[in-house]
Each structure stands twice: as C-alpha cells, then as structure tokens.
Amino acid sequence: MEKITSFTIDHIRLQPGVYVSRKDKVGAETITTFDLRMTSPNEEPVMNTAEVHTIEHLGATFLRNHPDYKDKTIYFGPMGCRTGFYLLLAGDYASVDIVPLIRQLFEFVRDYRDEVPGASPMDCGNYLDMNLPMANYLAKRYLEQVLYGIGEERLIYPQ
C-alpha cells in the first residue's frame, strides 16, 4: 500500500505551527487541508481528550459563524495523535493566508467562559468529556508560543 502524505512528514523535526497539509481538487474547487500543530510530536505530552473535545466544539462553532469563512469551512477537528487539529477550507490557500483567522479562533477559545456549545446529551455523544479551563490554557499557550510572531519555519513543513 502507498504511504499517505501525512505519514511522510518528519515528525521528529516537526514543531508547533500552521502548515498546509494537502490540497485536493473536488470538481473545480480546491480544498486546502491545514495542520494546526499545537504540541511538538513525540517531545511533549499530547493533549487530553477533554480539552481537545472542547476546542473542537468551540473551534467549529467559531468557524461556522465567522462572517468570511463560514461558507468556506468544510471541517475542523482533532488529529488522532492529539497533537493538533485539521482545518479544511474551500479555496486555494497558503499557511500565511489564514494566520489571522487562526489567531482569532484561538483568541476566541482562550477567552471563552460560557457553556460549551453542543455540550449536552441531546447534541453530543460524549458531552461530559469537556475541560474548558484546560482548553483556555492550551489556546493561550498556542497563541503566545506559536501564533503571535509566527515565522516561516512554522508555516512550511520541515524537509
């Protein structure tokens, strides 16, 4: 079997950042998949499921209500390895194009203090697995350590 593209990235050298993971054509439209890497793979602990789940709910809510990106958002969700998230947008983008959006998204998560959207038994299959304070902390950490002042070395996958 052919190795999929995401398994060809050097996860030993990969650091937290905002990366274009792939671009796919669907008809005439390009779908850009972004790797929003929040932790350093195999170097630091992965995020726990409760905070990942919380960021997923808040991030998806933010993106699907964003005035410019709500109709371009295809998917926002966690990586199975729990080191970050995938964001799929309709359009042909570079990483640098969406840094302002990702800053806004994680500022929203950092500052959110209300009930988590969709965190009810009617709306979610695992609604009790939420940790808003830790989601706030991880968003703040990602903003301070990566998104504010991000350089090219965190926008393009290591070779």
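The legends below describe several views of one predicted protein model.

Residues are numbered from 1 along each chain as its sequence is written, and side-chain values use heavy atoms, with hydrogens and water left out. Because the model is predicted, local features need pLDDT of at least 70 and side-chain atom pairs count only at pLDDT 80 or more, whereas totals for chains, interfaces and linings use all residues.

View 1. Along the principal axes, the C-alpha atoms fill a box of roughly 40 × 40 × 35 Å. Of the 159 residues, 45% are buried, where buried means under 20% relative accessible area, exposed means over 50%, and partly exposed lies in between (1.4 Å probe, protein chains only).

**View 2. The hairpin of strand 1 and strand 2.** Two strands are said to pair if DSSP finds at least two bridges between them. Strand 1 (residues 17-26) and strand 2 (residues 29-37) run antiparallel and are joined by nine bridges, and within this pairing V18 stands opposite L36 of strand 2. Two residues lie between the strands, and G27 in the turn has a positive phi of about 65°.

**View 3. The hairpin of strand 3 and strand 4.** Strand 3 (residues 73-78) pairs with strand 4 in the antiparallel sense, over five bridges, and F76 is found opposite L87 in strand 4. Five residues separate the two strands of this hairpin, and R82 in the turn has a positive phi of about 60°.

**View 4. L89, a residue of strand 4 (residues 84-90).** With a relative accessible area of 0%, L89 is buried. Contact means heavy atoms within 4.5 Å, and, when its neighbours within four places in sequence are left aside, L89 is in contact with residues including T30, I31, T32, F34, I74 and L101. L89 and V20 stand 69 residues apart in sequence, and their C-alpha atoms are 11 Å apart in space.

**View 5. V146, a residue of helix 3 (residues 132-147).** V146 counts as buried, because its relative accessibility is 5%. Not counting residues up to four places away in sequence, V146 touches P16, G17, R141 and R154. Although P16 and V146 are 130 residues apart along the chain, their C-alpha atoms are separated by 6.7 Å.

**View 6. R141, which also lies in helix 3.** R141 has a relative accessible area of 18% and is therefore buried. Apart from its neighbours within four places in sequence, R141 is in contact with M38, T39, E44 and V146.

Key: Helix = DSSP H or I, 4+ residues; strand = E, 2+ residues; numbered from the N terminus.
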